[in-house]
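Subject: The structure I promised you

Hi,

Here is the structure we talked about, with the sequence alongside. Have a look around first, then read on for what turned up.

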Amino acid sequence: MTAAIIDGKKISEEIRSSIKKRVDLLKENGVTPGLAVVLVGDNQASKTYVSMKQKACEKIGMHSVLITLDSGLTQEELLEKVDELNHDSSIHGILVQLPLPSHIDELTVIEAINPSKDVDGFHPINAGRLMTGGDAFVPCTPYGIIEMLKHQDVELSGKHAVIVGRSNIVGKPMGQLLLKEHATVTYCHSRTKDLAYHTRQADILIAAVGVIKLITADHIKEGVVIIDVGMNRDENGKLCGDVDFEDCLQKAAAITPVPGGVGPMTITMLLANTVQSAERFLSK
Ligand code: NDP
């Protein structure tokens, strides 16, 4: 068996074209969805992500604003900027690019964002609503993964999903979303004993770790669907995931590549969340 390659780029193009129709409709009603991205300092990776997000917005006719701030600014100054955006009616989504400089407390900044503009879905109100079943902005990466699995017609109900990684932005919300789809969920992390024992039970395996080639053919069972979230650089600077792609190819039923898998979906769901926010604004 050779695994089907899940083409995140193609799926995200399909979703983006339907989001564009929603943008056009909003514009006809006098609302241009607006995303503000706040970038503090000059972390190269952050700059790249931010520029990709901006280009994606512009391509579908959304309004996008980039606010670049010096890494030496105080937490108070950053909070003032966030407050300004909270009150800006042309902005429906606010994203503060992480990581922030070490003298700034990330959670304080995230909590300062108006939850109704928190299109990253990191605010505790949105995280709580995701858990309790309320109307929440869902963090873009796990949201994109669920959409990708649905597009691929992967059965989730009753399946055993194993997630490696328990971060607030990927692992934990991923588990909540899979539970909602009636999967049985297992979380693994750095203290998990015998990782391979757990991952071999997976019908669906999500690797969100940040360790190159952590998952090999020995970690999986025949017919698993693998989602590789990892975005790592190897010794030659090449982008690669957490999964040994070549090694798993003959055993898995389907697998996402890196690049071209989860990455494009993450940006797409950011657009979806911002448009959803603008639609809510219009309906009020
Ligand atoms: P974090 O560093 O916040 O979390 C990593 C998780 O992996 C932690 O829960 C950690 O456990 C666990 N872990 C670390 N080492 C091991 C190990 N050897 N065995 C098992 N578990 C381990 O990372 P993120 O969740 O933010 O990101 C994960 C990866 O996904 C990164 O490569 C990141 O770049 C990528 N990413 C990709 C995105 C995309 O759009 N494609 C978006 C977001 C992230 P513990 O909690 O015990 O420390």
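Helix H10 gives the largest share of the shell around the ligand, with three residues. The helices (H or I, at least four residues) and strands (E, at least two) here are DSSP runs, numbered from the N terminus. Before you go further, note that this is a predicted model, in which local features need pLDDT of at least 70, side-chain atom pairs count only at pLDDT 80 or more, and totals for chains, interfaces and linings use all residues. Residues are numbered from 1 along each chain as its sequence is written.

Back to the ligand. There are 26 residues around the ligand, and Ser167, His189, Ser190, Gly210 and Thr266 come nearest. To be near, a residue must have its C-beta atom, placed from the backbone, within 6 Å of the molecule or strand in question. Sorted by class, the shell has twelve nonpolar, twelve polar and two charged residues. For these classes, Ala, Val, Leu, Ile, Met, Phe, Trp, Tyr, Cys and Pro count as nonpolar, Asp, Glu, Lys and Arg as charged, and the others, Gly among them, as polar.

Now for how the helices pack. Two packed helices are described by the angle between their axes and the distance between the axes. The axes are lines fitted to C-alpha atoms, for helices over the stretch in contact, and angles run from 0 to 180 degrees between N-to-C directions.

Start with H6 (residues 140-151) and H10: their axes come within 8 Å and cross at roughly 105°. That is why H6 and H10 are roughly perpendicular to each other. As for the words, angles under 35 degrees count as roughly parallel, over 145 as roughly antiparallel, 65 to 115 as roughly perpendicular and the rest as oblique. On the H6 side, the residues that meet H10 are Cys140, Thr141, Tyr143, Gly144, Ile145, Glu147 and Met148, and their counterparts in H10 are Val262, Met265, Thr266, Thr268, Met269, Leu270 and Asn273. Residues are in contact if their C-beta atoms, placed from the backbone, lie within 7 Å. This contact of H6 with H10 divides into eight nonpolar, five polar and one charged.

H2 brings Met52, Lys53, Ala56 and Cys57 to the contact, while H10 brings Ile267, Leu270 and Leu271. By class, the contact of H2 with H10 has six nonpolar, no polar and one charged residues.

H6 packs with H7 as well, at an angle of about 35°, with the axes 8 Å apart. The crossing of H6 and H7 is right-handed too. Here Pro142, Ile145 and Ile146 in H6 meet Pro173, Met174 and Leu177 in H7. The residues of that contact are six nonpolar, no polar and no charged.

On to the sheets. Which order do the six strands of the open sheet follow? They run E1-E11-E8-E7-E5-E6, with parallel pairing. Strands pair if DSSP finds at least two bridges between them. The edge strands, E1 (4-5) and E6 (184-188), each pair on one side only. Inside the sheet, four bridges join E5 (residues 160-164) to E7 (residues 204-207), and isoleucine 163 stands opposite isoleucine 206 in E7.

There is also an open sheet of three strands, in the order E3-E2-E4, again with parallel pairing. Its edge strands are E3 (63-69) and E4. Four bridges join E2 (residues 34-40) to E4, and leucine 35 has glycine 93 as its bridge partner in E4. H2 lies across E2 and E3, running at about 170° to E2.

The peptide bond from leucine 98 to proline 99 is cis, with omega near 5°, and proline 99 lies in the loop between E4 (93-96) and H4 (106-112). The bond from valine 258 to proline 259 is also cis, with omega near 0°; proline 259 is in the loop between E11 (254-255) and H10.

Notes: Two residues are in contact if their C-beta atoms, placed from the backbone, lie within 7 Å. A crossing is left-handed if the near helix is turned anticlockwise from the far one by less than a right angle, and right-handed if clockwise.
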